[in-house]
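Me: I would like to go through this structure and ask what the labels rest on. Please set each value against its cut-off.

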Amino acid sequence: MAQLHFRQRFLRILLPGAIACLLNSCVSTGTVPAPEQEQPVSQEESAGAEESANDEKAEKTFADGSPVVTSRTAGSGGDSILLSFAGDIMAHTPNTARGHYDKIYEDIEPLIRQSRLSFANMETPVDDDKPFSSYPQFNVHHTYADAAIAAGFNVFSLANNHTNDQGLSGIRATQKYFAEKEEKTKWSSRPVYASGLKDSPQSPFSYRVITDHSWTVLFLAVTEILNQGSYSGYINYVKSDEASRNAFIDSVRKLREENPCDLFVLSVHCNEPEYVLSVKKSQREFYRKLLDAGVDVLWANHPHVSKEWEVITDQDNEASKIIFYAMGNTISAQRYKPAFKDPSDTHEYTGDGYIAQVRFQKKREGGVRITWVNPVLITTYITTDALFVIRRLDDAFIEELTEEQRRDWATYLEERKKLMEKIEGKTLWQ
């Protein structure tokens, strides 16, 4: 199979505090006209005017010349869908021991619910018949998973290196939990979907065909790594040797052909080193072959740190596909003792991640384009009452910490924000 060849140019993605967009047709940013006479202004109108003013100050193009649009114009004038992609939902003892699981997601729930489909990796079995368990063999009860769903996550990868931590009974319990959630929510405004577990070793990979209004999204989750080999036949498991990867590429192409869809989202729990920020050449080449086979969004996880992402253009020079090499942890307690005096240490990256919003729009001539990419930085914060919660890693939160006299956290996260902002996206042009 011939490989796609790309001419690489860098794309500067604006992180929290500014909106990052990708659009290949010309879109101008407008201002809100002033009222003809003085009248009371609501908070919503005031916020809109402020956003518009900020838009005017923002650059009109990225460093590579791609036009910048705003949240007010992204996706307008056509049939579009907004998707969100997050990282690993972990379950260390500090995350589970004190309850209050709804508070974990309190700050980011509005963000998650903006998207029709919000993706996350559930990196633990869900088995009520066994006690909560932390690393190295995770387990949670339904209440922990319920909180993520209540916050708005509704598409889950269940294939990862901790899938079989509780043996076959844990796999069965997790499968039952998500099957019941799918059945219970299928007629709701926010149905739940999951992929990654199989009924038997003889069963084909499990996948979901998601229909949302006029959009059809094909979702498949696989893992290349397992901590133990037992019951691997009940998991969407792909070995990472060259022959197995080539066979998987062929199966991906066939799956796309057999399931006509607008978007194909593939989750890969990758067999790549943990806690490494760089991306290997072999991984890039493998993922681009998967895009060539029909994948539109390649959403990878496992390293527990965030990595760069790539937006791929089609033959019409329109942004059409995207690769996320790692989103980092969405929630965990790997950074249970922040190194306030050494925020650049590699281990400190395990406490931060990002949630990426991506808007796709259907083209009149067929196919889709990406019109907006908005990576939002998040951090796992330890409250004064020792709860581990997710907060947006932005200037507003840092200012809040300063006002609360948590200067160690404020100074630390100010530096962490600068470091995370260096993890940027790229545009790859055909």
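Reply: We can begin with one residue in this predicted model. Leaving aside neighbours within four places in sequence, Leu-413 is in contact with Arg-335, Thr-379, Leu-393, Phe-397, Ile-398 and Leu-401.

Me: What makes these residues contacts of Leu-413?

Reply: The cut-off is 4.5 Å between heavy atoms.

Me: Where does Leu-413 lie, and why is Leu-413 called buried?

Reply: Leu-413 lies in helix α9, residues 407-420. Its relative accessible area is 0%. Buried means under 20%, so Leu-413 is buried. The C-alpha atom of Leu-413 is separated by 9.7 Å from that of Asp-352, which is 61 residues apart from Leu-413 along the chain.

Me: Why is Glu-308 counted as buried?

Reply: Glu-308 has 16% relative accessibility. The cut-off for buried is under 20%, so Glu-308 counts as buried. Glu-308 is placed in the loop between β9 and β10 (309-313).

Me: What makes the pairing of the side chains of Glu-308 and Arg-284 a polar contact?

Reply: A polar contact needs a pair of N or O atoms within 3.5 Å, one able to donate a hydrogen and the other to accept it. The side chains of Glu-308 and Arg-284 make such a contact at 2.7 Å. The side chain of Glu-308 also makes a polar contact with the side chain of Lys-426, at 3.3 Å. Both values fall within the 3.5 Å limit, so both pairs meet the distance condition.

Me: Which residues does Glu-308 touch, not counting those up to four places away in sequence?

Reply: Glu-308 touches Val-279, Arg-284, Tyr-325, Tyr-354, Ile-423, Glu-424 and Lys-426.

Me: Why is strand β9 described as largely enclosed by the rest of the structure?

Reply: Strand β9 covers residues 297-301, and five of the five are buried, so the strand is largely enclosed. Val-297, Trp-299 and Asn-301 point one way, while Leu-298 and Ala-300 point the other way. The residues of both groups are buried.

Me: How do you know that β8 and β9 pair?

Reply: Pairing takes at least two bridges between two strands. Strand β8 (residues 263-269) and β9 have five bridges, in the parallel sense, so they pair. One example is Val-268, whose bridge partner in β9 is Ala-300. From β8 the chain crosses through helix α7 (residues 281-292) to β9, and this β-α-β crossover is right-handed.

Me: What makes β9 and β11 a pair?

Reply: Three bridges join β9 to strand β11 (residues 319-324). The requirement is at least two, so these strands pair as well. They run parallel, and Leu-298 stands opposite Ile-323 in β11.

Me: Why is Tyr-231 called partly exposed?

Reply: Tyr-231 has 39% relative accessibility. Partly exposed is what lies between buried, under 20%, and exposed, over 50%, so Tyr-231 counts as partly exposed. Tyr-231 is placed in the loop between β7 (215-223) and α6 (242-258). Its phi is near 60°, a positive value in a residue other than glycine.

Me: What is the case for calling Ala-386 partly exposed?

Reply: The relative accessible area of Ala-386 is 38%. That falls between the limits of 20% and 50%, so Ala-386 is partly exposed. Ala-386 is found in the loop between β14 (368-382) and β15 (388-392), with phi near 65°, again a positive value in a residue other than glycine.

Me: What is the value of omega for the peptide bond from Tyr-135 to Pro-136?

Reply: Omega is near 10°, and this peptide bond is cis. Pro-136 is in the loop between β3 (117-122) and α4 (142-151).

Me: How many cavities of 30 Å³ or more does a search of the whole structure find?

Reply: The search finds three. The largest cavity holds about 70 Å³ of space. Among the residues that line the largest cavity are Met-122, His-162 and Leu-197. Helix α5 (residues 167-185) gives the most to this lining, with three residues.

Key
Residues numbered from 1 in each chain as written. Predicted model: local features only at pLDDT ≥ 70, side-chain atom pairs only at ≥ 80, totals over all residues. Heavy atoms only, no water. Buried < 20%, exposed > 50% of the residue type's maximum accessible area, 1.4 Å probe, protein only. Helix = DSSP H or I, 4+ residues; strand = E, 2+ residues; numbered from the N terminus. Right-handed = clockwise from strand over helix to strand, strands pointing away. 1 Å grid on protein atoms, 1.4 Å probe; cavity = no way out; pocket = protein on both sides within 12 Å on 5 of 7 lines; lining within 4 Å. Points joined across faces, edges and corners; volume = space filled by probe spheres on them.
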